[in-house]
Amino acid sequence: MSNLKKYEFWFIPGSQDLYGPETLEQVAVNAKKIADAFDNNPNIPGKVICKPVVRNSEEIKKIIMDANNDPDCTGIITWMHTFSPSKMWIRGLSLLQKPYLHINTQYNKSIPWDKIDMDYMNLHQSAHGDREHGFIGTRMNIPRKVVVGHWSDETVVKKIGSWMRSAIGACESKKLKVLRLSDNMRNVAVTEGDKVEAEIKFGWSVNHWAIGDLVSRMDEVTDEQIDAQMDSYAKDYEIATEDTDAVRYQAKIEVALRSMLEEGNFGAFTTNFEDLYGMEQLPGLAAQDLMKDGYGFGAEGDWKTAAMTRIIKLMAQGRPEGTTFMEDYTYSFEPGNEMIMGAHMLEVCPSVADEKPRIEVHPLSIGDKDDPARLIFNGTKGSGIVVTLIDLGGRFRMIVNDIECVIPENDMPNLPVARVLWKPLPDLSTSAEAWILAGGAHHSVLTYAVTADEMRDFAEILGIEFIHIHADTDIDELKKELLWNDIAWRLKDI
Ligand code: MN
């Protein structure tokens, strides 16, 4: 059983008293069968719990208030097997604080041509019952996912499963605490942002601790703790250096940093190479290994990317593919083979490695500290996305680009950092032009495990602008989208 079963999704069938108890009993039985089928389907990550049929405004209001107050409830799924007049839903839906999916399905797949009569028609009327329900969502301007099709259809099931991951991301977002060690890199614009607005929109609590808090904790780390951390490194990675002291120093950073993260219940952290007072090395291997364990990370004080790395890792739970902090580093403009090499000074997550990562120690030309130990590897091949989040001064914008990661054809013996090579869609020049016009950062989250559609649903749940750069992106159309979005979002804020 997936550990995602701790996330509950309430399946709420709607009806009314008009049809009599027999029909309502049948609605309840059919709803339970559908909810159970979803719950037992491996494409459904969360737990689906069928709730009693709601028949009036009071029952609807009560179940939505219960959903709001239940910390395990990660979203609601509504379905109108019969007609449920939607003015009855206004009082409840006006209070809704959880992600919301409306499924327009029908218990029976086919029309029983030789038996169909008005009793059948009165029971199987989601074709118009769900339209009545859809109207009130639109009238009340409530963000929700609409999925249409027979509940046994795997395409329908997968859409619901994907949305659940977005809902899990949104619910985890509301709980996230980010540990900022030091401030943002001096003079960098895109890693800045409004942390108050971020807490209002995303729920992130983003706060600062001094690097000295980490240094003093490092002083308390014992040799035994370092030995245990070194054993863990030796198990997961190839130690390809003679400079054991440098590796042990990263182990000491990791033990201390992990204890800070655990004690404070933080899900993500940032560092800044400009502020390493009292430290001998920039956290490299330590940051990489913590990312592998699911912590979000952002370099140079980039708390937005740190938070998104954490959330995307949580959305991806149970999927084998990796997710990492990333930076567009160097281009290949070779005709016909244009691509981006992504890397960072040190901190790429080994969950995206195509090979057993090697621990090596090399000088770092920035920061004026000792040579840091780091993991070196090539990223794996496969389809993925890069995700960036920017603060436009009045709102946040998420930008996602579809990418195709490739294995390098050449060795890079002199490059002492982990790297991932990718071909962005639709092509490098269009993708980069679109990304730059949209204001995308140089930092991003690269994931092979979560799709652009899942990120779109996440953004919609939280009310964040979303721009998708994909195989069919056209610059003229994108410019219009950016202009119209700008106007729409400014009106929205009024
Ligand atoms: Mn950077």
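The buried residues of helix 11 are Leu285, Ala286, Ala287, Gln288, Asp289, Leu290 and Met291. Buried means under 20% relative accessible area, exposed means over 50%, and partly exposed is in between, with a 1.4 Å probe and protein chains only. Helices here are DSSP runs of H or I with at least four residues, strands are runs of E with at least two, and both are numbered from the N terminus. Just after helix 11, Gly294 takes a positive phi of about 105 degrees.

A word on the basis. This is a predicted model, where local features need pLDDT of at least 70, side-chain atom pairs count only at pLDDT 80 or more, and totals for chains, interfaces and linings use all residues. Residues are numbered from 1 along each chain as its sequence is written, and side-chain values use heavy atoms, with hydrogens and water left out.

Now salt bridges. The rule is a side-chain nitrogen of Lys or Arg within 4 Å of a carboxyl oxygen of Asp or Glu. By that rule the count is 26. One network of salt bridges links Lys235, Asp236, Glu254, Arg258, Asp289, Lys292 and Asp293. Asp289 is also among the buried residues of helix 11.

Lys5 and Asp39 meet through their side chains at 3.4 Å, N to O. Lys5 sits in the segment before strand 1 (8-13) and Asp39 in helix 1 (residues 21-40), so the pair ties together parts that are 34 residues apart in sequence. Lys5 is buried at 15% relative accessible area. Asp39 is buried too, at 16%.

Arg217 and Glu263 form a salt bridge at 3.1 Å, N to O. Arg217 is in helix 8 (residues 211-219) and Glu263 in helix 10 (residues 244-263), so this pair ties together parts 46 residues apart in sequence. Arg217 is partly exposed at 22%, while Glu263 is exposed at 62%.

Glu477 is partly exposed at 44%, and so is Lys480 at 35%.

On to the metal. Which residues coordinate the manganese ion? They are Glu300 (OE), Glu327 (OE), His344 (NE2) and His443 (NE2), at 2.1 to 2.7 Å. Donors are N, O and S atoms within 2.8 Å of the metal, or 3.2 Å for Na, K and Ca; water is not among the atoms, so sites may look incomplete. The donor spacing in sequence is E-x26-E-x16-H-x98-H. Glu300, in the loop between strand 10 (296-298) and helix 12 (303-315), and His443, in strand 18 (residues 443-447), are 143 residues apart. Both Glu300 and His443 are buried.

Last, the sheet. How many strands form the open sheet, and in what order? There are 5, in the order 2-1-3-4-5, with parallel pairing. Two strands pair if DSSP finds at least two bridges between them. Strand 2 (47-50) and strand 5 (145-148) are the edges, each pairing on one side only. Strands 4 and 5 pair in the parallel sense over 4 bridges. Ile103 stands opposite Val147 in strand 5.

That's the tour.
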